[in-house]
Amino acid sequence: MLVFRTSDGKLVADGVTYLMGYEDDGTTPIMKAETPRLKAGSYTIVAFNKTSYDIQATSYSTFSRLGLTVGKHIAQKQVKIEDGKQLDVTLDVPTFDVETYRAERGLTAGSVIADSSAVVGVETELRIHYELKDSQAAKIEIPLAKDAVEDVSAGSRDPGDSSHTWWTDATWEGDNLVLDMKKSAGADVFVRFKPKAAGIYAVSPLITLGEVTLPLGSTTLEVSGSRIEVDNTDVHSLLGNVAYVYAAPGKSVQLTVGAGARLQSTPARPINSAVPRLNTSCRRIRLPPSA
């Protein structure tokens, strides 16, 4: 559930929703949403059912741009908030089948996938796939803060064809990376960039076909300040910037830190070093956060 200020259509609150129970049919859920305290004024409340696409709307105009109509795709209500008073609002939310909605408008398939994790200053990749009912040109918009990324490039290939790849012009429109796609019935698109800051990046690209704009999909990219990769061990686990390596008794363990120092240890000869230390007094090796 989203709350928009009526005067300028800006998003002011995102309600926390949880299940209360079910209607008499036993299948229709009854949901309750609560918002933070709002200032006195007029607001538009919009609610929609959970879909495979995470609708990200920073302004009320997003719904008209996506062609989402009240009663068919979303529910909404105009309310007036008074200081010091609580307001209870009931909305009958329609079932929103996002796949049917997209297919009716010419997008027969669409998805976006990010790398499972990324590191500041290291290239990562978004992969977008789409298929169209009819061959036509398209424009893809990727919400991505311009100041948060660098060294951006993009390319595409026909679905299923890895032998021919075309570089795609990528331009910025505010904090949207825009790709102009040639006329085709679909494409596999890749966008590469280097994140400049750690955090979780929510990415929900849009595709425009003529006058129609549709959601392609949603994903998140988790970017950390550094990452440890441990290869060729029996078992390993990672937690933040700490790596736990479990080696068989008597087995040697070698660790390379970046492109520099290399540490090697056996149960008989632990290493003392100014760089991260391998502790072999037990079977677990811990790499401190400073590594």
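**Exercise 1.** How do the residues of the lining of the largest pocket divide into nonpolar, polar and charged?

*Solution.* The structure is a predicted model.
- Step 1: The largest pocket has a volume of about 1,800 Å³, and 46 residues line it.
- Step 2: the centre is located. M1, T17, K32, A33 and E34 are the lining residues that lie nearest to it.
- Step 3: the contributing elements are identified. Two or more lining residues come from each of β1 (2–5), β2 (11–14), β4 (29–34), β5 (41–47) and β6 (75–81). β4 provides the largest share, six residues.
- Step 4: the lining is sorted by class, giving 23 nonpolar, 11 polar and 12 charged residues.

**Exercise 2.** Describe the lining of the second largest pocket by position, element and class.

*Solution.* 
- Step 1: this pocket holds about 430 Å³ of space and has 18 lining residues.
- Step 2: nearest its centre lie Q56, T58, P143, N176 and L206.
- Step 3: at least two lining residues are supplied by each of α1 (61–65), β9 (124–143) and β14.
- Step 4: the classes are nine nonpolar, six polar and three charged residues.

**Exercise 3.** Strand β14 also belongs to a sheet of three strands. Determine the strand order and the edge strands.

*Solution.* 
- Step 1: the order is β8-β17-β14, in an open sheet with mixed pairing.
- Step 2: β8 (118–119) and β14 (199–203) each pair on one side only, and these are the edge strands.
- Step 3: β8 runs parallel to β17 (residues 219–224), and two bridges join them. A118 has V223 of β17 as its bridge partner.

Methods
Residues numbered from 1 in each chain as written. Predicted model: local features only at pLDDT ≥ 70, side-chain atom pairs only at ≥ 80, totals over all residues. Heavy atoms only, no water. Pairing = 2+ DSSP bridges. Helix = DSSP H or I, 4+ residues; strand = E, 2+ residues; numbered from the N terminus. 1 Å grid on protein atoms, 1.4 Å probe; cavity = no way out; pocket = protein on both sides within 12 Å on 5 of 7 lines; lining within 4 Å. Points joined across faces, edges and corners; volume = space filled by probe spheres on them. Nonpolar A, V, L, I, M, F, W, Y, C, P; charged D, E, K, R; others polar.
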